[in-house]
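Trainee: Could you show me how to read aromatic contacts and an enclosed strand in a model like this?

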Amino acid sequence: MGEEVIAQPVVQPLQWQLPRKPHAVAEASAAWSAEGVLALMEMPFMALVQRAHAVHQQHFPAGDVELASLLSVKTGGCPEDCGYCPQSVHYDTGVEAGKLMDMDAVMAAARAAKAAGAARFCMGAAWRSPKDRDIEKVSELVRGVKALGLEACATLGMLTPSQAGALKDAGLDYYNHNLDTAPDFYGDIIRTREYEDRLDTLGHVRDAGLKVCCGGIVGMGETRLQRAGLIAQLASLSPAPESVPVNQLVAVPGTPLAEAEPVDPFEVVRVIAAARITMPRSRVRLSAGRRGLDEGVQALCFMAGANSIFYGDKLLVTGNPDATADRALLARLDLPITATRG
């Protein structure tokens, strides 16, 4: 990894005009509004993909795809009411609350992930906000993962400044904390915290010197303008997130969004393309919901700038495409895999 990140200016209320000629450097310095991103997303589909691909080639000429593995180290029992999440205590989804996994079990999973080609190992825990004693335990896990030569990422909920600092001291590379959706749609999905709470945690993570992994979910009933609003919000972070996961809703029985209307797969491609153009140096990750995309649509996502995937048979508590099938698809598309360290 280690790509240089261009600082993005804060979005200001203005009328943004789409440049007549695509130019990645100019786009990287633009103040992106929701309306500006929407103008991108409403370009003719093939023209949008072509434009995003040109930006991608400029900033990632090797065209490699990063493989990241995700392990739920503490499952279920979360007090948040996120409408998409099967780990919430508010919904009956069959997911039982568990304790934090022990070191041996996590290390076994990390070694298996590395052997399968993963470059980054992410640990997720279903907490609203961890206690300091939880951070101490996770810090031990981080040190173990780093000793294997893997990049370490964690997603643990809201953090205090001191907790972010402790994770940095333990060697954590990335902290994942998604914005989920646009500010004006957030209250329709989550009521137990405010949008500003997420931005505060991202600020603490940045102040601690950690890299940011931050994205959102497509297909929760939001409008295209609201999808554009999410991308604009992400692109306005200064600097933009080093990793941007784009998730397609996995509608889990028992959650409020269980009956959500599936989003058009090509809409996911449009979101990927908009993320690539507005955040040209970020790793854009094709994340949850990839199982619902056929191989042709996944190929279009890679063409539009996706260059990272979650790799393995499970994402927290939902399914994911088989790892062997993933490697076979990348080989058929002649896409190299990002080299692991150590």
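This is a predicted model: local features need pLDDT of at least 70, side-chain atom pairs count only at pLDDT 80 or more; totals for chains, interfaces and linings use all residues.

Trainee: How is a pair of aromatic rings described, and how many aromatic pairs does a search of the whole structure find?

Mentor: In general, two aromatic rings are characterised by how far apart their centres are and by the angle between their planes. Here the search of the whole structure finds 2 aromatic pairs. Phe 45 and Phe 266 form an edge-to-face pair, with 5.4 Å centre to centre and 70° between the planes. This pair links distant parts of the chain, since Phe 45 lies in helix α3 and Phe 266 in helix α10, 221 residues apart. Phe 45 is buried, at a relative accessible area of 15%, whereas Phe 266 is partly exposed, at 39%. Tyr 186 and Tyr 195 also form an edge-to-face pair, at 5.1 Å and 85°, and both of these residues are buried.

Trainee: Turning to strand β3 (residues 151–155), why is it described as largely enclosed by the rest of the structure?

Mentor: In a regular strand, side chains alternate between the two faces of the sheet. In this case 5 of the 5 residues of β3 are buried, so the strand is largely enclosed by the rest of the structure. Glu 151, Cys 153 and Thr 155 are buried on one side, as are Ala 152 and Ala 154 on the other.

Trainee: Which strands pair with β3?

Mentor: Strand β2 runs parallel to β3 and is joined to it by 5 bridges, with Met 123 partnering Ala 154. Strand β4 pairs with β3 in the parallel sense over 2 bridges, and there Cys 153 has Tyr 174 as its bridge partner.

Notes:
Residues are numbered from 1 along each chain as its sequence is written. Side-chain values use heavy atoms; hydrogens and water are left out. Rings of Phe, Tyr and Trp (its six-membered ring) pair if their centres lie within 6.5 Å; planes under 30 degrees apart count as stacked, over 60 as edge-to-face and the rest as tilted. Helices (H or I, at least four residues) and strands (E, at least two) are DSSP runs, numbered from the N terminus. Buried means under 20% relative accessible area, exposed over 50%, partly exposed in between (1.4 Å probe, protein chains only). Two strands pair if DSSP finds at least two bridges between them.
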